[in-house]
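Grab a pencil and have the model open in your viewer. Here are a few exercises, each followed by a worked solution.

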Amino acid sequence: MSGGSQPPAPSPGPPGRMPLENDMSPLKDWLNRRPRLDFVVAGAEKAGTSAMFSYLKRVPGVHIPLPKELNFFDRPAWGDGTDFSALHRWFVLAPKGAILGEATPTYLMNPECFPRIHEYNPDIRFLAILRSPIRRAFSAWNFRRVRYRDRRDFMTAVRVEIESRGDLA
């Protein structure tokens with residue numbers, strides 16, 4: 001731009017309506033005032049986070065939403081750590097006073113998540129699901145062998161994963 005001209009102001013949309021971001025502000029404010037989560041479930045691959053999620057869904061007084069993996073604390077949705085509406089929208093149907101939680105296994109492998117989770121709620125409970133490393137690696141190999149028709153034997157798969165710093169080993 002030259003001569004000090006200003007960019008055109010954004011269009012307010014249809015006559016009589018505010019811009020969309022202003023339409024969402026009251027909803028975002030309401031969502032951000034919702035109760036904070038009480039717990040987070042994370043864990044190693046093939047360690048039992050899906051089973052824990054399934055059990056928690058059946059506990060009276062606990063609300064854990066579908067889908068299982070919200071990935072809020074390890075994604076750009078975290079933003080600057082002040083807008084939790086993208087997370088809280090999954091809990092609007094929770095009964096008043098319910099224990100609120102979510103399960104995202106990958107939080108365990110992402111060190112950026114822990115300070116974010118603590119900043120979000122310093123009193124949150126963190127359930128870490130762990131498993132014997134050898135049994136977990138065997139289970140992950142067997143899962144990939146069946147699902148992806150991986151023809152490598154277990155020891156070859158482990159050697160390749162170690163050399164490539166993969167997640168099987």
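H63 has L100 of β3 as its bridge partner. Before going on, note that this is a predicted model, where local features need pLDDT of at least 70, side-chain atom pairs count only at pLDDT 80 or more, and totals for chains, interfaces and linings use all residues. Residues are numbered from 1 along each chain as its sequence is written, and side-chain values use heavy atoms, with hydrogens and water left out.

**Exercise 1.** Work out the strand order of the open sheet and find which strands stand at its edges.

*Solution.* 
- Step 1: β2 and β3 pair in the parallel sense over two bridges (strands pair if DSSP finds at least two bridges between them; strands are DSSP runs of E with at least two residues, helices are runs of H or I with at least four, and both are numbered from the N terminus).
- Step 2: β1 and β3 are also parallel, with three bridges; here V41 sits opposite A103 in β3.
- Step 3: β1 and β4 run parallel and are joined by five bridges, and F39 has R125 in β4 as its bridge partner.
- Step 4: Put together, the four strands have the order β2-β3-β1-β4. β2 (62–63) and β4 each have a single partner strand, so one side of each lacks a neighbour in the sheet.

**Exercise 2.** Find which residues of α4 are buried and what they pack against.

*Solution.* 
- Step 1: Check α4 (residues 113–120): C113, R116, I117 and Y120 are buried (under 20% relative accessible area; exposed is over 50%, partly exposed in between, with a 1.4 Å probe and protein chains only).
- Step 2: These residues cover an arc of only 95° around the axis, which puts them on the same side of α4 (the arc is that of the directions from the helix axis to the C-beta atoms).
- Step 3: An α-helix has 3.6 residues a turn, so residues three or four places apart point the same way.
- Step 4: The buried residues of α4 pack against β1 (39–43), α3 (85–88) and β4 (125–129), contact meaning heavy atoms within 4.5 Å.

**Exercise 3.** Is K68 buried or exposed, and which side chains does its side chain make polar contacts with?

*Solution.* 
- Step 1: Locate K68 in the loop between β2 and α3.
- Step 2: With a relative accessible area of 16%, K68 is buried.
- Step 3: Its side chain makes a polar contact with the side chain of S50 (3.0 Å) and another with that of E69 (3.5 Å). A polar contact is a pair of N or O atoms within 3.5 Å; within protein, one must be able to donate a hydrogen and the other to accept it, and residues adjacent in sequence count only if both atoms are side-chain atoms.
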